[in-house]
Amino acid sequence: MTMPSPLLRLDKLRRRRAGRPAVKDLSLTLDRGQVLGLLGVNGAGKSTTLAMVAGALRPDGGAIALDGRDFLEHPELARRLLGWLPERAPLWPELTVAEHLDAHGRLRGLAGAALRRAREDALARLELAPLARRLAGVLSQGQRQRLGLACALLHRPALLVLDEPANALDPVQVAALRALVREEAANGAAVILSTHLLAEVTAVCDRVAILHEGTLRHEGPLAGTDAAALERRFFEIAMGGEAKAA
Ligand SMILES: Nc1ncnc2c1ncn2[C@@H]1O[C@H](COP(=O)(O)OP(=O)(O)OP(=O)(O)O)[C@@H](O)[C@H]1O
């Protein structure tokens with residue numbers, strides 16, 4: 001019997017930025033229904049990794065397989081399979097919240113009643129319904145972030161790539177985000193998210209990966225790891241790297 005391929009496989013991914021290696025030989029896999037937290041200090045390479053996974057940044061080397069297919073050869077797979085919340089969600093200030101969702105939905109091939117359902121569902125899940133007719137240009141930071149999240153998950157992608165999704169969210173919304181991520185995973189989606197909040201990782205992730213200076217320094221399941229143990233491991237890697245550099 002052949003094993004099903006993981007939803008996402010990164011194999012020796014590398015990318016230079018501003019003349020320096022930002023991600024070095026990064027390999028990992030992610031299965032359906034799993035939530036992977038990506039940790040690392042500022043500049044560790046998290047956003048660069050996620051932008052490559054989302055198809056927005058081409059790796060200098062290595063391979064990405066999405067649902068068993070070569071993603072670099074078939075970037076169009078992203079349209080159906082992938083939802084991405086970038087570090088700064090790009091919004092059109094002159095479009096309303098609902099118009100953003102409609103535009104994203106059409107780009108994903110949704111139309112008619114299916115598009116309307118997806119839009120209403122995303123508005124409800126991100127508690128954006130009262131803001132549906134508001135222009136994106138006048139949203140607060142946290143509201144912009146929720147709109148970015150709504151756009152990412154509107155079409156129920158198999159892989160959600162979330163770059164610091166808790167950014168700018170208030171504690172109530174952070175709790176709602178946790179529930180949302182777990183719900184997506186329970187429905188079979190794979191989620192990869194970056195964060196600076198260690199508590200976020202222990203609360204919602206099944207696995208954790210710690211990047212340091214572009215290198216994957218730790219990767220494994222979180223079961224049985226409490227926040228204090230994760231914090232110790234994180235600081236060990238972060239401080240060890242700095243001590244070495246010094
Ligand atoms: N647009 C860019 N142009 C050039 N270099 C970049 C660019 N974005 C990031 N870099 C560099 O790539 C390296 C990795 O940055 P990246 O943004 O991936 O890190 P990060 O872990 O997401 O950091 P943070 O936690 O601060 O968001 C850093 O050295 C950074 O200076």
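Modeller: The crossing of helix 3 and helix 4 is right-handed, and it should be read with the caution due to a predicted model.

Colleague: How is such a pair of packed helices described, and at what angle do the axes of helix 3 and helix 4 cross?

Modeller: In general, two packed helices are described by the angle between their axes together with the distance between those axes. Here the axes of helix 3 (residues 97-107) and helix 4 (residues 112-125) come within 10 Å and cross at roughly 130°, which makes helix 3 oblique to helix 4. On the side of helix 3 the contact is made by Ala98, Leu101, Asp102, Gly105 and Arg106, while helix 4 contributes Leu115, Ala118, Arg119, Ala122 and Leu123; by class, this contact has 6 nonpolar, 1 polar and 3 charged residues.

Colleague: Which residues are around the ligand, and which helix gives the largest share of the shell?

Modeller: The residues around the ligand are Arg17, Ala18, Ala22, Gly40, Asn42, Gly43, Ala44, Gly45, Lys46, Ser47 and Thr48, and the largest share of this shell, 3 residues, comes from helix 1 (residues 46-53). Sorted by class, the shell has 6 polar, 3 nonpolar and 2 charged residues.

Colleague: Is Ile237 buried or exposed?

Modeller: Ile237, which has its place in helix 8 (residues 227-245), is buried because 21 other C-beta atoms lie within 10 Å, where 20 or more are required. Leaving aside neighbours within four places in sequence, Ile237 is in contact with Ile210, His212, Arg217 and His218, whereas the C-alpha atoms of Ile237 and Leu66, 171 residues apart along the chain, are separated by 29 Å.

Note on methods:
Residues are numbered from 1 along each chain as its sequence is written. This is a predicted model: local features need pLDDT of at least 70, side-chain atom pairs count only at pLDDT 80 or more; totals for chains, interfaces and linings use all residues. Axes are lines fitted to C-alpha atoms, for helices over the stretch in contact, and angles run from 0 to 180 degrees between N-to-C directions. Helices (H or I, at least four residues) and strands (E, at least two) are DSSP runs, numbered from the N terminus. Angles under 35 degrees count as roughly parallel, over 145 as roughly antiparallel, 65 to 115 as roughly perpendicular and the rest as oblique. A crossing is left-handed if the near helix is turned anticlockwise from the far one by less than a right angle, and right-handed if clockwise. Two residues are in contact if their C-beta atoms, placed from the backbone, lie within 7 Å. Ala, Val, Leu, Ile, Met, Phe, Trp, Tyr, Cys and Pro count as nonpolar, Asp, Glu, Lys and Arg as charged, and the others, Gly among them, as polar. A residue is buried if 20 or more other C-beta atoms lie within 10 Å of its own, exposed if 12 or fewer, and partly exposed in between; C-beta atoms are placed from the backbone. A residue is near a molecule or strand if its C-beta atom, placed from the backbone, lies within 6 Å of it.
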